[in-house]
Every structure is written in structure tokens, then in C-alpha cells.
Amino acid sequence: METSEFQRARSPEAKRRREAAILEAARSLGRERGIRDVTLTDIAAAVGMHKSALLRYFETREEIYLRLTAEGWQEWSDALSARLRETTDPGPAAVARAFAATLAARGMFCDLLAHAPLNLERNVSLDAVRAFKLATLAARGPITEAVREHLPGLDEQDVVDLVATAVSLAGALWQIANPGAEVAALYRSDPRLAHAVVEVEPRLARILTATVTGLVRSG
């Protein structure tokens, strides 16, 4: 996109289009490179803007990715809730598999989940943090309802703990499963390092099955 196309937005609708273009560029770069390797300058270049112009729409790189994390929460909530309602097996293992499958299918979201508490929430305004936390709270509601339809013995706090466990593990496991190219080659080259090669979905499903089973038994 030509830089000249990105003259300063003069209306709310124009501003929304600019913001959407910036978010899409950041999303594309994040998928391609991983969140940690994308700079604000990279995002600005991808939409044909100078960095100083981009700062009229987002104060920091972290604000952009925090917004994408919030969007990811809502999209994941919709997908997980739908999958749970389609599941005919009401047992803990089926619930755990639904969590694991829907998270593992969203690699960039898992990447964002790891970065959110470490740095995305630390270089933004308090208003941005508040908006993000309210978005995650709203996304958790449908998940809670869908899980409790399958496992009515769980209370709301149980589901809060389950969701927190699932997203924390998904973020960490995704990072472990996606090391740099040189480290990945090292793991493949030395049989003694086979334990360092992680598949996110099966590992997450096993741990979450144990977690859900324990919550059901203690309920």
C-alpha cells in the first residue's frame, strides 16, 4: 500500500479503517515471524506508513498486540463454546480435548497468550489494560456456560481455574514447541534431546484431562 494512501484519517470511519489495516498487518507479521520479532517499524512499513503516523492510532507495539489478543480471546471463546456444544461425550476427557484442540489450532493466539502478561500489558495505558481484561472476562462467560452444561458439578470458580490453566499452559507449550530454527535443528540432531520436542495438542490434552478430572472429583 502506498504511503500517500495513509493520509491522516479525518472521520471516525476512516480511523477505524486505518486501525483495522494496522491490526491486520501486525497479525500477518506475527504469524510469519512470531510476536517477539515484530517491531513497530515493521508494522508501519507493512501498511505503508511512517512510524510517527502509526502512533496516531496506537501508542505502542504492545497496544496493537494486546488488541489482537483480546480479539483472539473472543474468537477462541466462540470456537470452543461451539465445539463443546457439539460434543456428545460429557466426560472430563472430552472437555479437555476440546480445550486442547481449539487452542493448538490457534498458534498465534497461543503466542500472544504467552506474551500478554510478560510484556503486552506492561507498555500500554491503564485504559488499554482495563479494556483487555474486560474483553477476556466477556469471552470467558460463554466458555463457563458451555463447560457447565457438560459438567454441572463444576462451579464458576472451577471453570475460571480451568481456563486459566489451559491458556497459561497453551502459551508456554507453544513457545517450547516453536524454538528458533537453530535450536530446533539441534533437538532433531541429538537423540538425547528428544524430550525437548513437544507437540502442543496431545500434551495439553493429557494435562487438562487430569485437571478437569480432579476438579470434578473435588466438586
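Modeller: Read along the sequence, the chain follows the pattern α-α-α-α-α-α-α-α-α-α, which amounts to 10 helices and zero strands (helices are DSSP runs of H or I with at least four residues, strands runs of E with at least two, numbered from the N terminus). This is a predicted model, in which local features need a pLDDT of at least 70 and side-chain atom pairs count only at pLDDT 80 or more, while totals for chains, interfaces and linings use all residues. Residues are numbered from 1 along each chain as its sequence is written, and side-chain values use heavy atoms, with hydrogens and water left out.

The pLDDT, the predictor's confidence in each residue from 0 to 100, averages 92 over the chain, and 95% of the residues score at least 70. Over residues 1–6, however, the pLDDT is below 50, and this stretch has 11 contacts in the model beyond near neighbours in sequence (a contact being heavy atoms within 4.5 Å).

Asp-111 is buried yet has no salt bridge, and the nearest side chain of opposite charge, that of Arg-36, is 5.6 Å away. Here buried means under 20% relative accessible area, exposed over 50% and partly exposed in between, with a 1.4 Å probe and protein chains only; Lys and Arg count as positive and Asp and Glu as negative, with His and the chain ends not counted; and a salt bridge is a side-chain nitrogen of Lys or Arg within 4 Å of a carboxyl oxygen of Asp or Glu.

What Asp-111 does have is a polar contact of 2.7 Å between its side chain and that of Gln-175 (a pair of N or O atoms within 3.5 Å; within protein, one must be able to donate a hydrogen and the other to accept it, and residues adjacent in sequence count only if both atoms are side-chain atoms). Leaving aside neighbours within four places in sequence, Asp-111 is in contact with Gly-34, Ile-35, Trp-174 and Gln-175.

Among contacts between residues at least 6 apart in sequence, 69% join residues at least 24 apart.
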